[in-house]
Amino acid sequence: MVLALLTALGLGYLAGSLPWGLWLGRAMRGVDVRTLGSRNLGATNVYRSLGAAVGVPVLLLDVAKGALPTWLVPGMSACAAFPGGPEWCRLSVAAAAVLGHMFTVFAGFRGGKGVATTAGVLLALSPAAFAGFLGVFVITVALTRYISLGSILGAVTFAATLAVLSPGGIASPTFVFGALVALLVVARHRENIGRLLRGEERRFALRSGKPSNATGPEPAAKGRSAK
C-alpha cells in the first residue's frame, strides 16, 4: 500500500510539475517567461507575452499533464494496492498533478495557477462535467474577455455538475474533490478577483503581444496587471 501510494502521488506530481511554459519559452524565444507580464508560468501569460506560437503548445501540454496521469497511473500494476481503491487513486493522482503545476519542483516551487492542468484532470475524471466547465468558460470569456472570470465560473460549474452526475451526489469522493479544486482555483485567482472588482483586470485579446516587445514586466504606469 505504501509503495502504491508513493508511486501514484509521485508520478502525478512529477507529470504536473513539468514547466512547459518555462521550457518552451527558453527553447523557442530564448527568454524566461517568469520575467514577463504577470511572471506566471501558465499558458495565459505565455500567450500574452510570447505569442500564440508558444502559448498554444503550452496550453495543450499543460492540459495533457493533468489528463494523462489521471487516466493512466491508476491502471498501473504498481498502484493496484492503493488505499481506497481505483477512485481514490485517480483522485489522488489528479490532485498531485494540479499541485505539481502550481508548485513545480523544477522552478523553485512557483508555477502557474493550475487552470489548464485542472482542465485536463477534469476531462479525465468526468467528460460530461468537463463539457459544462468548458462551455461556461468559453461563454464567459466570449462575453467579458476575462480569462480569470471564465476560469472561476467554469471551475464552480464543474463542481456543481459533479454534484448531479456523480453516484452518491455530494457524498461522492469525486464531487468532494471537484469542490476542493474549485475552491483552490478561486483562491489562486484572489488577486484577479481584486482587479475585477476595481475594474483593472486585463481583458483577453486573440491578438497577443509581439514577442519582440516582451522583454520585461508590463509598466506599472499602464494601470493594469496581467493574469
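Author: Buried means under 20% relative accessible area, exposed over 50%, and partly exposed in between, with a 1.4 Å probe and protein chains only. This is a predicted model: local features need pLDDT of at least 70, side-chain atom pairs count only at pLDDT 80 or more, and totals for chains, interfaces and linings use all residues. Residues are numbered from 1 along each chain as its sequence is written, and side-chain values use heavy atoms, without hydrogens and water.

Reader: Why is Val-105 called partly exposed?

Author: Its relative accessible area is 39%. That value lies between 20% and 50%, so Val-105 counts as partly exposed. Val-105 is found in the loop between α5 (86–102) and α6 (115–125).

Reader: What makes the nonpolar patch on the surface?

Author: Leu-14, Trp-23, Leu-99, Phe-103, Val-105, Phe-106 and Phe-109 form it, with about 620 Å² of accessible area together. Nonpolar side chains are joined within 5 Å, like charges within 9 Å.

Reader: Which residues touch the most other members of the largest nonpolar core?

Author: Val-121, Leu-125, Phe-177 and Val-185, of 13 residues. Core members are buried nonpolar residues joined through side-chain atoms within 4.5 Å. α5, α6, α8 (147–165) and α9 each supply at least two residues. A second, separate core has 11 residues, including Leu-41 and Ala-107.

Reader: What is the mean pLDDT of the protein chain?

Author: It is 87, and 90% of the residues score at least 70. pLDDT is the predictor's confidence in each residue, from 0 to 100. Over residues 211–227 it is below 50.

How values were computed:
Patch = residues over 30% accessible without salt bridge, like charges linked within 9 Å, V, L, I, M, F, W, Y side chains within 5 Å. Areas by Shrake-Rupley, 256 points an atom, 1.4 Å probe, with all protein chains shown as cover. Salt bridge = Lys/Arg side-chain N within 4 Å of Asp/Glu carboxyl O. Helix = DSSP H or I, 4+ residues; strand = E, 2+ residues; numbered from the N terminus. Contact = heavy atoms within 4.5 Å.
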